Amino acid sequence: MLLLAPAMPVGAAVFYMQTFSGTTEGWSAGGDGLTVSQSPDYGAGALEGTFQAQGRYGQPQTGEFLADTSGAPFGGDYNSSTNPYVAFQFDFYAAGTLPSSLTFHMSDGANNFYMVLDPQNSVIQSPDQWYTLTVPLSPGLYNQYWYGGTANQFSNMLSHVTTVGVEVTRNGRGEQSYYIDNFRIMNDLLLVPEPTSGLFWFGWALVFGGLRSKLGRRQRSPYALPAARAS
Ligand SMILES: [Ca+2]
């Protein structure tokens, strides 16, 4: 069903991206039974979540990849003028076994909201290949993709984000691993100062892209577009 693949908002650009090269980027495990670690596989690395094999009488387990909302720009106020975030995107890989379910989770510590990323395996249809998933954050799209409250409550939560996570439910009793890479947050190019020309914009992207990599990830200039998609 094509309607289950959210389109990237018009004018969106990568604001910040984690590539898990040699580090978990502060991510941790939540939920039940999932261990989260950095994997050297897949180029320069990815985030790996693993369920161990179960015995004869297995039970359903839902674990969570939890983003670091203190050290990366994934926590705080998404409604501020300096953080006009419009979507998350990330790449997902199921090694050998498709998950039973895959859900995006956001919270302000009290109110939890969820987006079903892969209803009935309609998006991630095959194991052992990468899929890019988009998580729209516009309250106007809330009723189409999210549950846990109302669009207004969702918008309020976006002003005080404390939890960003990807929940995965195991499929069967065997050991199974799932991978996340290039986890990125998109902002709205239309809301930052407009360049006078495309060439001007390209130049600033190169300048600030270079600066950004030297200054570290806490620099949050609205011009700080990544220079290239890293592996
Ligand atoms: Ca990577």
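Reply:
A close look at one strand and its surroundings

Strand E3 (residues 34-39) pairs with strand E4 in the antiparallel sense, and 6 bridges join the two. Please keep in mind from the start that you are looking at a predicted model. Within this pairing, Ser-37 has Glu-48 in E4 as its bridge partner. The two strands make up a hairpin with 6 residues between them, and in this hairpin Tyr-42 takes a positive phi near 60°.

E4, which covers residues 46-51, is mostly covered, since 5 of its 6 residues are buried. E4 also pairs with strand E12 (residues 176-188), again in the antiparallel sense, over 5 bridges, and here Thr-50 stands opposite Ser-177 in E12. In general, the strands of a sheet pair through backbone hydrogen bonds, and the pairing can be either parallel or antiparallel.

If we leave aside the neighbours within four places in sequence, Ile-180 is in contact with Ala-46, Leu-47, Phe-65, Phe-90, Asp-91, Phe-92 and Val-166.

Not counting residues up to four places away in sequence, Phe-65 touches Trp-27, Val-36, Leu-47, Gly-49, Gly-165, Val-166 and Ile-180. The C-alpha atoms of Phe-65 and Ser-28 are separated by 6.2 Å, although the two are 37 residues apart along the chain.

E5 leads us on to a sheet. Six strands form an open sheet in the order E2-E5-E11-E7-E8-E10, with antiparallel pairing. Its edge strands, E2 and E10, each pair on one side only. Towards one end of that order, strand E7 (residues 101-107) runs antiparallel to E8, to which 5 bridges join it, and Met-106 stands opposite Phe-113 in E8. E7 and E8 form a hairpin with 4 residues between them, where Gly-109 in the turn has a positive phi of about 100°. E8 also pairs with strand E10 (residues 146-147), in the antiparallel sense and over 2 bridges: Tyr-114 has Tyr-147 as its bridge partner, and Met-115 has Trp-146.

E8 (residues 112-116) shows clearly how a strand can have two faces, with Phe-113 and Met-115 on its covered face and Asn-112, Tyr-114 and Val-116 on its uncovered one. The reason for such a pattern is that side chains in a regular strand alternate between the two faces of the sheet.

Glu-25 lies in the loop between strand E1 (12-18) and strand E2 (28-31), and its phi is near 55°, a positive value in a residue other than glycine. Gln-120, found in the loop between E8 and strand E9 (130-136), likewise has a positive phi, of about 55°, although it is not a glycine. These values stand out because most residues other than glycine have a negative phi. Glu-25 is partly exposed, because the number of other C-beta atoms within 10 Å is 19, whereas Gln-120 counts as exposed because it has 10 C-beta neighbours inside 10 Å.

Finally, let us step back to the whole chain. The chain has 3 helices and 12 strands, and buried residues make up 29% of its 231 residues. The average pLDDT is 83, and 80% of the residues score at least 70. Over residues 194-231, however, pLDDT stays under 50, and for that stretch the model has 33 contacts beyond four places in sequence.

Notes:
Residues numbered from 1 in each chain as written. Buried ≥ 20, exposed ≤ 12 C-beta atoms within 10 Å, placed from the backbone. Contact = placed C-beta atoms within 7 Å. Pairing = 2+ DSSP bridges. pLDDT = per-residue confidence, 0-100.
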